[in-house]
Amino acid sequence: MAPNTSRPARAKQRRGEGQWALGYREPLNPNERSKKDDNPLNVRARIENIYARGGFDSIDPGDLRGRFRWYGLYTQRKPGIDGGRTATLEPEELDDRYFMLRVRLDGGALTTDQLALLGELSQTYARDTADITDRQNIQYHWIRIEDMPTIWQKLENAGMTTMEACGDSPRVILGSPVAGISADELIDGTPAIAEITRRYIGDPQFANLPRKFKTAISGLQDVAHEIHDVAFVAVEHPEHGPGFDVWVGGGLSTNPMIAQRLGAWVPLDEVPEVWAGIIAVFRDYGYRRLRSRARIKFLVKDWGAEKFREVLETEYLHRTLVDGPAPEVPQTPIDHIGVHRQRDGNYYVGGAPVAGRASGSMLIAVAKAAERAGSGRVRLTPQQKLVVLDVPESEVETLRAELAEAGLQTNPSPWRRSVMACTGIEFCKLAIVETKARAAELVADLEHRLAGIQDGLDNPVTIHLNGCPNSCARIQVADIGLKGQIVTDDDGNQVEGFQVHLGGGLGLDTGFGRKLRGHKVTSAELTDYVERVVRNYIAQREDGERFAQWVTRAEEADLK
């Protein structure tokens, strides 16, 4: 018999994911090449010395659509481009000659002087735009590149910055709006937020991450910790006392994932070190080959929490973390709206604009009202709201009236209280549909149509509108999440509309909304649809049953 000379089949080699720690350092996509070519933090000098003098036409495209983000700058959408063309046009066709600018405000913390300055900058340079985002940022529009040096100078003189407000970097750190004053707070995370920003924001070692990196630190569960890249959640250790439980790998967008607990307890003074270790794991082991898999959530999903903790401890911290318990889940969501007593006997007062839509004029009015009430501090919230701290009891009612006059209701309807919306097609180049104006219209309609039943809602039904699939407004974790799409109406026309997610939530209802197969709602039908579903819930709910619980058992016909 002739010998078999055929070679054995070669095992298929798995393609590298672009992980630096495994030797994959070559640029694997245009974004990685751009960051390798020049540290994005260097772009500020070019903005100040070249682009601000030469104007929009002098901007290098690689900076314009890439490195500008490290200083909070995106070109905004050119007016008049409908949502159906969003995915078909080249970036330069979508670009307007004006910019969106995010001011990062870690923990959402502001003095009234800072708030007034933000309002003045809005009026002078941003056509009175100044939206409150669910990242506790202030977001401007209509910014000219020529004005950026002056804007930076004024912000930084007042202790604020736009550094790493966007980009593949450690973005703004969410913190409790009532840190240090809430009677229910287990531990104040503010010192950890301050130390991380002091030591690491703007540090070149963390300025080139695989993708953006979002952090939350709170002594209360009021910062959506379940959907962050890393979160430190207050917990009482039976032996060591108050500290933080560590979560990693959360995120939404087109591949939503809930963060996983590492099972580790961290004291307050060690939070910055552990944070730096976690972000370094992401920097070195994160997937850089494909942008669609470059968030830390994909690494955590593949590794699991146990391996992630092992790598963190052995390769980065060089010590073992203390095992710790899971935090107890609050029985109701925390949004800080209304009047609440502080530890010191004063009060904090939380007000709601509609879906974060604010203005420079509003910010100035709030700053003046707060100061007249004896307060020098305000906070922005992760729910697109604003809270005034340190208000004497004798000034509460006057302040409430002045906030309402400025556009912030402290006893809002459930619909105003619970609605959130992203920027939408008005300014965003990724958006497909209008969101802010649609949210305002929806709130007004529901306040009129459901006035007779809204007081019977134990927990407001959260409604989040997003202009595209990226979920900046957290649609998968809302009671009613609305993802913008172009849909076909009954007459066969292509119109703005939404895919519906129902019954998502955080806290007791942590999980992603139920999508109804093939179910879409046009923008024109939106109020009718929401009213119909809410009325079905009110009619069918059992005692104490939350909307998300009802959705899991409801008949599909009652959800359409």
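Modeller: Helices (H or I, at least four residues) and strands (E, at least two) are DSSP runs, numbered from the N terminus. Please keep in mind that this is a predicted model, where local features need pLDDT of at least 70 and side-chain atom pairs count only at pLDDT 80 or more, while totals for chains, interfaces and linings use all residues. Residues are numbered from 1 along each chain as its sequence is written, and side-chain values use heavy atoms, with hydrogens and water left out.

Biologist: Happy to start with a loop. Why does D128 count as partly exposed?

Modeller: D128 is found in the loop between helix 5 and strand 4 (131–132). Buried means under 20% relative accessible area, exposed over 50%, and partly exposed in between (1.4 Å probe, protein chains only). D128 has 25% relative accessibility, so D128 counts as partly exposed. The backbone of D128 is worth a look too: its phi is near 70°, a positive value in a residue other than glycine. Most residues other than glycine have a negative phi.

Biologist: And what makes H318 count as exposed?

Modeller: The relative accessibility of H318 is 61%, and therefore H318 counts as exposed. You can find H318 in the loop between helix 10 (305–317) and strand 11 (322–323). Just after helix 10, H318 takes a positive phi of about 55°, although H318 is not a glycine.

Biologist: Why is G424 called buried?

Modeller: The relative accessible area of G424 is 0%, so G424 is buried. G424 lies in the loop between strand 16 and helix 14 (436–449). Contact means heavy atoms within 4.5 Å. Not counting residues up to four places away in sequence, G424 touches A431, V433 and T435.

Biologist: Now the helices. What makes helix 5 and helix 6 roughly antiparallel to each other?

Modeller: Axes are lines fitted to C-alpha atoms, for helices over the stretch in contact, with angles from 0 to 180 degrees between N-to-C directions. Under 35 degrees counts as roughly parallel, over 145 as roughly antiparallel, 65 to 115 as roughly perpendicular and the rest as oblique. The axes of helix 5 (residues 112–125) and helix 6 (residues 148–157) cross at roughly 170° and come within 11 Å. Helix 5 and helix 6 are therefore roughly antiparallel. L117, L118, L121 and Y125 of helix 5 make the contact with T150, I151, K154 and L155 of helix 6.

Biologist: Why is helix 9 called roughly perpendicular to helix 10?

Modeller: Here the axes of helix 9 (residues 296–303) and helix 10 cross at roughly 105° and come within 6 Å. That makes helix 9 roughly perpendicular to helix 10. Side by side in this contact are I296, L299, V300 and W303 of helix 9, which meet A305, K307, F308 and V311 of helix 10. Helix 10 has buried residues, namely A305, F308, R309, V311, L312, E313 and L317. Their cover includes strand 9 (241–248), strand 10 (260–266), helix 8 (271–285), helix 9 and strand 11.

Biologist: Which residues touch the most other members of the largest nonpolar core?

Modeller: A nonpolar core is a set of buried Ala, Val, Leu, Ile, Met, Phe, Trp, Tyr and Cys residues joined through side-chain atoms within 4.5 Å. The largest one has 55 residues, and F68, L118 and Y140 touch the most other members. Leaving aside neighbours within four places in sequence, L118 is in contact with V103, L105, L110, I138, Y140, L155, M160 and L363. Another core, of 42 residues, lies apart from it, with F232, M257, I279 and Y285 among them.

Biologist: How do you know that strand 1 is largely enclosed by the rest of the structure?

Modeller: Five of the five residues of strand 1 (residues 73–77) are buried, so strand 1 is largely enclosed. Two strands pair if DSSP finds at least two bridges between them. Strand 1 has four bridges with strand 2 (residues 95–103), in the antiparallel sense. In this pairing, T75 stands opposite F99 of strand 2.

Biologist: Last one: what makes strand 16 and strand 20 edge strands?

Modeller: The open sheet has five strands in the order 16-17-18-19-20, with mixed pairing. Strand 16 (419–421) and strand 20 (514–522) each pair on one side only. On average, neighbouring strands of this sheet are turned by 25° against each other, direction ignored. Helix 15 (residues 526–540) packs on the sheet, touching strand 17, strand 18, strand 19 (494–502) and strand 20. Inside the sheet, strand 17 (residues 463–466) and strand 18 (residues 480–488) pair in the parallel sense over four bridges.
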